Amino acid sequence: MQNYLDQFMSLFTGQIIDPWVYEVFIVVLLVLIASFIARRIFTNLARKAGKTVNPWDDALILSFRRPIVYSIMGVGILHAAYIVGERTEAVIFSSVSEMREVLIITMLAWALTSFVKNYEEAIVREKMKHNETFDRTSIHAVAKLVRTAL
């Protein structure tokens, strides 16, 4: 009975939860805040880029928005997992740094591939808008070649 009373009293004194749990909570909270801020920044940039005539900026912002937001969330959650693994010494958390590297490479490849696709579409749209003659197959082939090279 004394053990239950001690556990109940430790809820109010803060001794039942390890300090690293608070650290993980703060990291996850900061990741969510940073993700929200990044989304807002990209929304504002997309609005401003939509007013320009240059197709590069539209394609760049559209291509990098989701990979950057997901990278922020992924790296932050992997950092929280690293903290948990460091404190608990669980084997499952031993490959967090490798997972972070794979995440960053994957997100970069996704962003670059998406950029090539979006820029290809922007070029075709601009050519059609100005009624210029162009070879859609050549533009598509070059874009596919660049995406394959990435």
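**The largest pocket and its surroundings**

Mentor: The residues lining the largest pocket are G50, T52, V53, N54, P55, D58, A122, R125, E126, K129 and H130. Keep in mind that this is a predicted model. The pocket's volume comes to about 180 Å³. Two helices, α3 (55–88) and α4 (96–129), each put at least two residues into that lining, and α4 gives the largest share, with four residues.

Leaving aside residues up to four places away in sequence, N118 touches A59, L62 and S63.

On to a charged pair in α4. K117 and E121 form a salt bridge, with 3.8 Å between the closest N and O atoms. Why can these two pair up along the helix? They are four residues apart in α4, so about one helical turn separates them. Both ends are partly exposed: K117 has a relative accessibility of 42%, and E121 has a relative accessible area of 36%.

Elsewhere, salt bridges with shared partners link E23, E86 and R87 into one network. Within it, the E86 and R87 side chains meet at 2.6 Å, N to O. E86 is partly exposed with a relative accessible area of 41%, and R87 is partly exposed at 38%. Searching the whole structure turns up five salt bridges.

Now for the nonpolar side of things. F25, I26, L29, L30, I33, F36, I37, I41 and L45 make a nonpolar surface patch of about 850 Å². One of these, L45, lies in helix α2 (residues 19–50). L45 has a relative accessible area of 38%, so it is partly exposed.

Of its 150 residues, 25% are buried. The accessible surface is about 10900 Å², and carbon and sulfur atoms hold 67% of it. As for contacts with a separation of 6 or more, 66% of them are between residues 24 or more positions apart.

Notes. Residues numbered from 1 in each chain as written. Predicted model: local features only at pLDDT ≥ 70, side-chain atom pairs only at ≥ 80, totals over all residues. Heavy atoms only, no water. Patch = residues over 30% accessible without salt bridge, like charges linked within 9 Å, V, L, I, M, F, W, Y side chains within 5 Å. Areas by Shrake-Rupley, 256 points an atom, 1.4 Å probe, with all protein chains shown as cover. Salt bridge = Lys/Arg side-chain N within 4 Å of Asp/Glu carboxyl O. Buried < 20%, exposed > 50% of the residue type's maximum accessible area, 1.4 Å probe, protein only. Contact = heavy atoms within 4.5 Å. 1 Å grid on protein atoms, 1.4 Å probe; cavity = no way out; pocket = protein on both sides within 12 Å on 5 of 7 lines; lining within 4 Å. Points joined across faces, edges and corners; volume = space filled by probe spheres on them.
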